[in-house]
Structure formats: structure tokens, C-alpha cells
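Visitor: Could you take me through one part of this model closely, residue by residue where that helps? I would like to start with the sheet and then hear about the local backbone details.

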Amino acid sequence: GDALLPAPQSISILSTNMKHFLTWSPVIVQGATVRYSVEFQGEYEREYTNGSWIPISECSLTTATLCNITEDISATVAYKLRVRAELGATRSQWGTTKGFFSRAMTSLTPPVLRVLADGHHVLVELADMGPSFQFHVLYWKKGQESRVWQKVVKEVSSVVHLDTMEAGAEYCVKAQTHVEAINRSSSFSPTQCVRAQGDTSMWL
Amino acid sequence: GACRVSMSMAEIRAGFTAIKADIQSRDPIRTLSILSHPHSLHKLKSSDRCCITHQLFTFYVDKVFKHCRTEDSFVNRKISSIANSFLSARRKLSQCHEQNNCMCGEESREKFKQILANYEGLNVTSAAMKSLGELDILLDWMEKS
């Protein structure tokens, strides 16, 4: 029977940078190990398959109170999630997320970047954030804030060459992420400035 | 004006690639094609491209995905992922259609009529599974033309 085991409470979705996790409060039964199973439902399931639910096998009979749902929230539509507790043959009622979740609601953090001066060259190192992300890198010569260049970086390789600097000049850089699938951008990272090394060439 | 619809082709392609072998193994009738019989999608005029894309997305959303439920949870999850992506893209295509930016010529109407005839020539589960198994034909055509 299902009545004895309470449904999980405080069900919520934590979503940052297109990584989505379902969490819930543990169901406590003295001296016993409670397990949980998670299912999801997209807009397609609500409209075309009578509101059917699809189990997430990695989160079936799990003892964790967290489930990585990123792989299944893979379209920009409204999803619902539900979780129930299981103890032997006893199952609780389903606890369902309140309202809908769309990946467009994910919170986007500014990219982590490191700006380097290599001789006369301005280079930037960007931390890889996964295939959904591209980067808008803005750079300018210090003191000429009105003349800003932009470079769109779609695939993070090791280092990105931004520009060749004038000797002794200082260049400043900041960047934001952009996610095409949800058409949103993060806020900008803090600005970082580097100075080109002075001219080392000499006439003999 | 033109009809510009942004959709994550890479995500759809990745989802389909993950289940392609499984889905195609469930299609015993290898001699028939739903999308390519008698003519390939590539023969269509580019002016008909938007309309046939809209019709095909409607075809997959309305007729195909819901008849492809399997006993395999992984396959079902990937089908759900593709179906929800198609639903999202179809909505944008429908908006284009309503704004008369996605007009249907005679050729695309004929082609879509043929696809429906191919589909209705089989029992619904076989037809749906075969159509899903041919998704890469549609994706290739969308990316190449």
C-alpha cells in the first residue's frame, strides 16, 4: 500500500548555466533506507500522449535527494517533474514540482576568463562551459572606451588571440556568455587589463 | 519576409544518433521509404523549403512520435527530447506561416501528399517507427539545402 509513506516535500529545481538538478527533502523512516524515483513530462507529453510521464533511470530507486535532469530537459518547452519515495513494496504519492520549468529560466553566470599579454599580443583563456555556450568578448584600448571591438567565440579552444597591441599600450577585456538555444546572455565578467611589453627591438 | 527559426539542430541530431540503430532495427520493411519515395526531398525548390519543413514538423509532432513508445526507457527519453524540440520549432514555424512568410507551392503540397500516402500505406506503428528511423534524411536535407 501507498498510504504509509509520505510524499517527498520541498521539491525544487536548481538550474545554473544550463545544468539542471531536481532536489527534494528526505523522507525519514527510522532504521530504514528510503529510496526515490523521478519522472519528467514535457509539453509534448501533456499535449500528445495524455500527460504521460517518463522515468529517469539514473534516478530510479536512488537514495540521493538530488537528480541531474539536464539530459532530459533538452528542449525549450515547459516541463514538469515528479518524485516519490519507495520503501520495499511501499510507495508514496508523487510529489510534483509547482508550476513549470523551462531551461530558459536557467541562471547564467559571467564566464571565467584570464587575459594574457604575450609580447604585443592580447590573448584570452576562457573556461569551457559546454556545447550550448558561446562567448562575446569585448576589448578596447584603455582611454579609448568608445572604440570597442567584439569577438564571438563559438568553440573554446585553448587560447583565443584577440589583437596585436601597440607598444606600451594597455588593453582591457571583458566577456559574457550567450546561449543560442534560449537566446539569452549572462552579465559581463569583471574587466581585466594588460599592458603590452615595451618595444624590445634595437637598431645596431 | 523570410522565416528565420532558431532551433538546436545539434541537440536533435545528438538525440537521434543515440537511438538511431535501435529505432531502425525495429523497422522490418527496408525496401520502402516514407520521406524519399518516389522523389528525394532534395528535389524540392528552395522556395518550398519553409512550407515542407513546417508540414513535416507537423507530421512528426501529430502523427509520428506518439506511436513510437518502446519498452526501453533510454529510447523513450530521447524520443521525448526530440519530440519536445520539434514541438518548440513547429510553434515558431506556425507563427511564420500565419505571417505569410512560409507559403506553400504546388510542389510542396504534392510532396507532402505523397509522404502521407506512404505513411498511411503501412500500419500505424510500423509507419511511425519507419518515419522516426528516417529522421536523419530530414535533418540532412534541412542542413544541406
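Guide: Happy to; what follows begins with the sheet in chain A, goes on to the loops there, and ends in chain B. Please keep in mind that this is a predicted model.

Let us begin with the strands. Chain A has an open sheet of three strands, and reading across it gives the order β1-β2-β5, with antiparallel pairing. At the edges are β1, covering 12-16, and β5, covering 66-68, each of which pairs on one side only. From one strand to the next, the twist averages 25°. If you look at the pairing of β2 (residues 19-23) with β5 in chain A, you will find three bridges joining these antiparallel strands. To place a residue pair on that picture, take Leu22(A): opposite it in β5(A) stands Cys67(A).

Now for the loops around these strands. Between β1 and β2 of chain A, the loop contains Asn17(A). Its backbone deserves a look, as Asn17(A) is not a glycine and yet has a positive phi, near 50°. Is this residue buried or exposed? Asn17(A) counts as buried because its relative accessibility is 13%, below the 20% cut-off.

Leu61(A) lies in the loop between β4 (54-55) and β5 of chain A. Its relative accessibility is 46%, so Leu61(A) counts as partly exposed; that class sits between the 20% and 50% limits.

Let us move over to chain B, where the backbone has a feature of another kind. The peptide bond leading from His37(B) to Pro38(B) is cis, and its omega is near -10°. You can find Pro38(B) in the loop that runs between α1 (9-25) and α2 (49-64) of chain B.

One more stop in chain B is a serine in a helix. Ser108(B) belongs to α4, which spans residues 106-120. With a relative accessible area of 0%, Ser108(B) is buried. Which side chain does it reach with a polar contact? The partner is Asp48(B), and the two side chains are joined by a polar contact of 2.7 Å. Beyond its neighbours within four places in sequence, Ser108(B) touches Asp48(B) along with Leu44(B), Cys51(B), Ile52(B) and Gln55(B).

Notes
Residues numbered from 1 in each chain as written. Chains lettered and ligands numbered in written order. Predicted model: local features only at pLDDT ≥ 70, side-chain atom pairs only at ≥ 80, totals over all residues. Heavy atoms only, no water. Pairing = 2+ DSSP bridges. Helix = DSSP H or I, 4+ residues; strand = E, 2+ residues; numbered from the N terminus. Axes fitted to C-alpha atoms, helices over the stretch in contact; angles between N-to-C directions. Buried < 20%, exposed > 50% of the residue type's maximum accessible area, 1.4 Å probe, protein only. Polar contact = N/O pair within 3.5 Å; in protein donor to acceptor, adjacent residues only side chain to side chain. Contact = heavy atoms within 4.5 Å.
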